[in-house]
Amino acid sequence: MLSTSFKTEAEAFRVPPTWIPIKPTLHAYIYMWTKKNFGIYFLNSTIISLATAMLSTFFGALAGYGFSRFMFKGRKFLIGFFLATQMLPGVLLVGPYFKLLSKFGLYDTRTGLIIAFLTICLPFSTWMMKGFIDRVPDALDQAALVDGCSRLGVFFRVILPISAPGMVATIIFAFLLAWGDLLWVICLTSTESMVTVTLGIARTVGEFRIIWPMLMSGALMGGMPAIILYLLLQRLLVQGLTAGAVKE
Amino acid sequence: MWTFFVLPGTILLVLVLGFPAFQSILYSIYPEGGGSSYNLNNYSILFSDSVFRQVFGNTVLFVILSVASHLLLGLGVALVLNMEIFAKPLFRLIALLPWVVPDVVVGIIWRWMFDPVYGSFNDLLIKAGLISTHIQWLSNPKLALASVIFVNLWRGFPFVMLILLAGLQSISTVLYEAAAIDGASRWQLFSRITLPGLKKMLVVALALDIVWEVRRFGLIQTMTQGGPGNITEVLSTYIYKQYFQFFRFEYASAVAVVMTAALLMVSLPYIWMISQEE
């Protein structure tokens with residue numbers, strides 16, 4: 001793939017395929033950015049994924065703290081509800097979303113997609129944040145409460161700073177979930193200016209003539225943010241993924 | 001006090017998720033092409049539809065084979081990575097990569113590699129002397145579903161591996177040492193200590209993986225779009241087509257409701273186990 005993205009169109013269609021380009025060229029990359037609106041796709045994906053990740057992590061942290069620290073009636077039921085929402089398939093919701101968003105004028109907008117992505121990210125973020133907050137000893141809360149701090153103060157001044165690495169991991173995980181989605185974007189957008197990276201890549205499949213070097217460079221660039229984020233924060237992400245599932 | 005923390009998220013979930021899900025159920029009992037009263041016609045159409053049954057069968061096959069291979073490969077790699085091997089962090093780093101990349105990207109790359117004439121997959125096999133003719137991996141009806149599952153195997157096993165690896169690392173080494181002193185064989189170590197120790201992690205990995213594979217959309221949409229014919233059509237691509245290509249909203253909703261019911265049934269033991277433990 002890496003090799004194809006540096007090929008000229010003619011070379012990509014050689015039989016047998018060349019494994020290393022004879023004349024490496026950046027043509028495909030330049031083409032994607034200048035002729036194919038790839039810049040717009042990238043911007044859309046970034047804005048939407050980032051907003052979704054921030055929102056879902058904030059609400060997830062609140063709920064995660066609630067589940068982690070308080071015993072109340074109906075707690076098990078609510079946890080079950082959060083878990084069950086994780087299981088719902090997107091295809092159950094895209095139909096009503098299509099109609100609802102159209103009604104409120106949010107069809108084919110970034111806001112509409114951000115709302116839609118919350119359905120994927122919020123349950124996950126809650127669960128992940130709960131896992132991280134569970135690791136913070138309750139004694140810290142109690143100490144701060146004794147010192148006259150309110151519950152909210154505890155949350156914002158003690159819990160959030162301590163679990164900052166966990167929040168970063170959760171934000172990134174939610175970001176990747178939103179970044180990688182195709183189903184919602186394909187169902188809830190219609191104009192070129194709202195296309196995201198994944199849709200930009202997937203749409204070319206139906207085209208009559210696929211220009212593979214361009215497509216491979218697009219795929220590579222579409223996967224890049226995920227790879228970079230993962231490489232940078234590998235340890236945190238792995239911790240986060242297992243935090244919800246594994247208990248020490 | 002707990003309400004202040006838990007309620008915002010809960011209300012948000014009910015609004016963005018619960019309400020549309022409920023609407024979908026309403027659509028599904030609404031007669032196609034208009035009508036006055038609610039009925040279950042869409043469901044009877046659905047269950048007598050041979051395409052639906054084929055798609056349902058495809059999905060079951062796709063999910064079972066994907067998840068089973070994820071478990072086997074994931075467990076194998078996790079066992080290897082749990083040993084003291086050379087450059088372990090590097091291997092772990094690489095092993096997880098296919099999972100973080102969007103499945104659309106994975107799908108499109110493999111579509112290119114699977115290209116019968118220009119793709120590198122056939123070229124590699126021919127050079128290795130394994131095949132002599134160019135194979136149509138994605139357009140041959142006998143091979144298409146297998147090819148898609150093969151790609152999904154490679155793409156999806158890292159998550160299972162990750163969860164199982166975390167499970168392996170939580171098993172105390174003292175247990176192994178004690179058993180070794182008592183003269184246990186390697187197989188006994190594995191079946192009496194490792195597997196029981198992994199039980200919970202296996203349930204978690206299995207449940208989440210099943211749910212994700214049932215919902216998988218981008219991979220199939222980019223590789224085959226359900227074709228040739230309906231050979232690789234799964235529920236999610238089928239429902240998408242019913243909604244946005246044939247505009248059969250009521251019918252599509254009915255299929256989606258059936259799919260959701262099946263998913264919830266499969267994942268109920270997991271949800272029950274986790275929420276009781278909390």
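## Basis

This is a predicted model: local features need pLDDT of at least 70, side-chain atom pairs count only at pLDDT 80 or more, and totals for chains, interfaces and linings use all residues. Residues are numbered from 1 along each chain as its sequence is written, while chains are lettered from A and ligands numbered from 1 in the order in which they are written.

## Chain A

Chain A has 14 helices and zero strands. Helices (H or I, at least four residues) and strands (E, at least two) are DSSP runs, numbered from the N terminus.

Chain A has 248 residues, and 50% of them count as buried. A residue is buried if 20 or more other C-beta atoms lie within 10 Å of its own, exposed if 12 or fewer, and partly exposed in between; C-beta atoms are placed from the backbone. Take the contacts in chain A with a separation of 6 or more: 78% of them join residues 24 or more positions apart. Two residues are in contact if their C-beta atoms, placed from the backbone, lie within 7 Å.

## The nonpolar core

The largest nonpolar core holds 142 residues. Such a core is a set of buried Ala, Val, Leu, Ile, Met, Phe, Trp, Tyr and Cys residues joined through C-beta atoms within 7 Å. A:Phe117, B:Leu164 and B:Val255 touch the most other members. Helix 7 (residues 110-134) of chain A gives the most to this core, 15 residues.

Beyond four places in sequence, B:Leu164 contacts B:Gly74, B:Leu75, B:Ala78, B:Leu198, B:Met201 and B:Ala205.

## Where the chains meet

Chain B brings 67 residues to the contact, and chain A brings 67 residues. On the chain B side, helix 1 (residues 2-28) supplies the largest share, 15 residues. That side divides into 45 nonpolar, 18 polar and four charged residues. Here Ala, Val, Leu, Ile, Met, Phe, Trp, Tyr, Cys and Pro count as nonpolar, Asp, Glu, Lys and Arg as charged, and the others, Gly among them, as polar.

Helix 6 (residues 90-103) of chain A packs with helix 11 (residues 235-244) of chain B at an angle of about 15°, with axes 10 Å apart. Axes are lines fitted to C-alpha atoms, for helices over the stretch in contact, and angles run from 0 to 180 degrees between N-to-C directions. The two helices are therefore roughly parallel (an angle under 35 degrees). A:Val91, A:Val94 and A:Gly95 meet B:Ser236, B:Ile239, B:Tyr240 and B:Tyr243.

## Covered and open helices in chain B

Helix 5 (residues 103-113) of chain B is mostly covered, with 10 of its 11 residues buried. Among them are B:Asp103, B:Arg111 and B:Trp112.

Helix 8 (residues 173-181) of chain B has nine residues; the number buried is zero, so this helix lies largely in the open. Just after helix 8, B:Gly183 takes a positive phi of about 85°.

## Two residues of chain B

B:Thr260 sits in helix 12 (residues 249-277) of chain B. B:Thr260 counts as buried, with 21 C-beta neighbours inside 10 Å. Leaving aside neighbours within four places in sequence, B:Thr260 is in contact with A:Leu88, A:Pro89 and A:Leu92.

B:Ile231 is in the loop between helix 10 (218-223) and helix 11 of chain B. B:Ile231 is partly exposed, with 19 other C-beta atoms within 10 Å. Not counting residues up to four places away in sequence, B:Ile231 touches B:Pro141, B:Ala144 and B:Leu145.

Methods. Angles under 35 degrees count as roughly parallel, over 145 as roughly antiparallel, 65 to 115 as roughly perpendicular and the rest as oblique.
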